[in-house]
Amino acid sequence: KRDGALYFANQRLFRTVNGGQTWTPISPDLTRQELTVPATLDEPTAKDTASKGPRRGVIYDIGTSPLKDGLIWVGTDDGLIWCTDDNGAHWRNVTPPWLQPWSKVGTIEPSHFDANTAYAAIDRHRVDDQQPYILRTHDGGATWQVISNGLPKDAAPNSVNVVREDPAQPGLLYAGTERSLFVSFDDGDNWQPLNRGLPATSVRDITIHGDDLVIATHGRGFYVLDDAVPLRSVGASAVRAMRLYPVAGAVRMNEPTFTGTPMPKDEPMAPNPPVGAMIDYVLPAPPAGPLDITIYDSAGAVVNHFSSTDPVKPIDLSKLPVAPEWVVSPRPPVAQSGHHRFVWDLHYAKPGGLKEDDRMTGVLAPPGQYVVELSANGQRLRQPLTIVADPRVSGVTQADFITQFRLAKQVEAARVRVRRMLDQSSDLKTALEKKKGQPAADALAAQLEQQVGPEAPIGGASPPTTLTSISEWLDRLAQAVSGADAAPSPDNLRGFAVVSQALDQAEARWNGFARQALQVVPPPAR
């Protein structure tokens, strides 16, 4: 609350404004004065209780209005709902007349959009009523409606433990029952399951943290539905046209390339959310041709492009320097009917002209504004995308990110130049081996070895001179420039100046050598 108030309850409600140093009661006992014994309870069980007085209930949940200070709702575990709009000076009993004793108000949820609206989850399993009950009021508790259409009503336990309203979208509600999770897009008039990948379990609480839906279960831990933004615009009607949902802001996480040995396969764990922008779309039917996703920067230039026809390359285990479970194999966007999610890892496209087995990746996009385009069947749909900096990083300005990005692109271009020469040298070496023994070919082979050369130690007094050493220097420089969220260091700038001059000189030598080599060895067929 804006006044820093915290609340605590037993039979009464208490309030503190000094961090718990002192507590002030702001309500009388709000539980039932007489708690009758349910007809379903046998006499020995009814007598077997530690509480001998007539009042046995407690305030089970407190709901403070996010719209109005002093507006507080409470629900008890003996079936009462109370409301105050003056911080407890006056209380109104707003319990529906038909809400019987031994009904537990599991949660009371004040609306984020209307001060007169609230929702309540009711649990009646203690009187052998396992059916789902969710209550809704739009008039400050004067009247309540049961909103449980679509929730299971079979013989199994279906009691509702929690109901929550999405703080960003009116009418979007979530409910947790003894068996699953449900969603309503029309203010609770209708419910449907929201349990894909969720085991049958008792959902005890729900919170919306930013754009993520988080649930607490009884006995199976916490679960997170990453990026619930599409739910805020899905609506209750069926999708009859191609649709690209709003894209949640993506956090630019500069993850290390090595984070240690993965957990053993027998260790219970769930996958972490993918890093990048989650792009959700719906197709009512498969398109006639390919489906394409294109990312543009704020100036309209293409950042990256993906197609459903992109080949899925199998992992070559013989060339992997690490265990295969460490490698994420990219998947193209799906072009089948239904709801799909494609994740862009926030990298620019890999530079063209490189060999297929080159593990070089595109530069990481800086924070800023981008556009996602979905195209199929001649139709183009667009949604804005914002990339934000890692909130754990401080002291780095947008200008720092842009400076880092520009230098990273320059280093990338230099890496492409030297790798193309190395590719040419590899082809030339293969051709010269076929002419081994011929004086001209043997002389060229010796010169080729001098041009390519071995790796050179990094940080030596002399700049690199061979293609291999220049390539290695540039690879290390790329890691130094992009390996952290920071502006380029003076050493980065000096290092690029030195290696750029070395690359220009090496390229001039290589071009002269290549012209000489073409007189002996024709260019390979491409």
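Colleague: Is Y370 buried or exposed?

Modeller: This is a predicted model. The relative accessibility of Y370 is 5%. Buried means under 20%, so Y370 counts as buried.

Colleague: Which geometry does the ring pair of W344 and Y370 have?

Modeller: W344 lies in strand β24 and Y370 in strand β25, 26 residues apart. Their ring centres are 6.2 Å apart, with the planes at 65°. Planes over 60 degrees apart count as edge-to-face, so the pair of W344 and Y370 is edge-to-face.

Colleague: What is the relative accessible area of W344?

Modeller: W344 falls under the 20% cut-off for buried residues. Its relative accessible area is 0%.

Colleague: How do F8 and W23 count, by relative accessibility?

Modeller: F8 and W23 form an edge-to-face pair, 6.1 Å centre to centre. F8 has a relative accessible area of 45%, and W23 has 38%. Values between 20% and 50% fall in the middle class, so F8 and W23 are each partly exposed.

Colleague: Which residues make up the ring cluster with F14?

Modeller: F8 sits in strand β1, and W23 in the loop between β2 and β3. Ring pairs join F14 into a cluster with F8 and W23.

Colleague: How do α3 and α4 run relative to each other?

Modeller: Helices α3 and α4 pack at about 155°, with axes 10 Å apart. Angles over 145 degrees count as roughly antiparallel. So α3 and α4 are roughly antiparallel.

Colleague: What is the handedness of the crossing of α3 and α4?

Modeller: The contact includes L422 and L428 of α3 and L444 and L448 of α4. The crossing of α3 and α4 is left-handed.

Conventions:
Residues numbered from 1 in each chain as written. Predicted model: local features only at pLDDT ≥ 70, side-chain atom pairs only at ≥ 80, totals over all residues. Heavy atoms only, no water. Axes fitted to C-alpha atoms, helices over the stretch in contact; angles between N-to-C directions. Helix = DSSP H or I, 4+ residues; strand = E, 2+ residues; numbered from the N terminus. Parallel < 35°, antiparallel > 145°, perpendicular 65-115°, else oblique. Left-handed = near helix turned anticlockwise from the far one by under 90°. Contact = heavy atoms within 4.5 Å. Phe/Tyr/Trp six-rings, centres within 6.5 Å; stacked < 30°, edge-to-face > 60°. Buried < 20%, exposed > 50% of the residue type's maximum accessible area, 1.4 Å probe, protein only.
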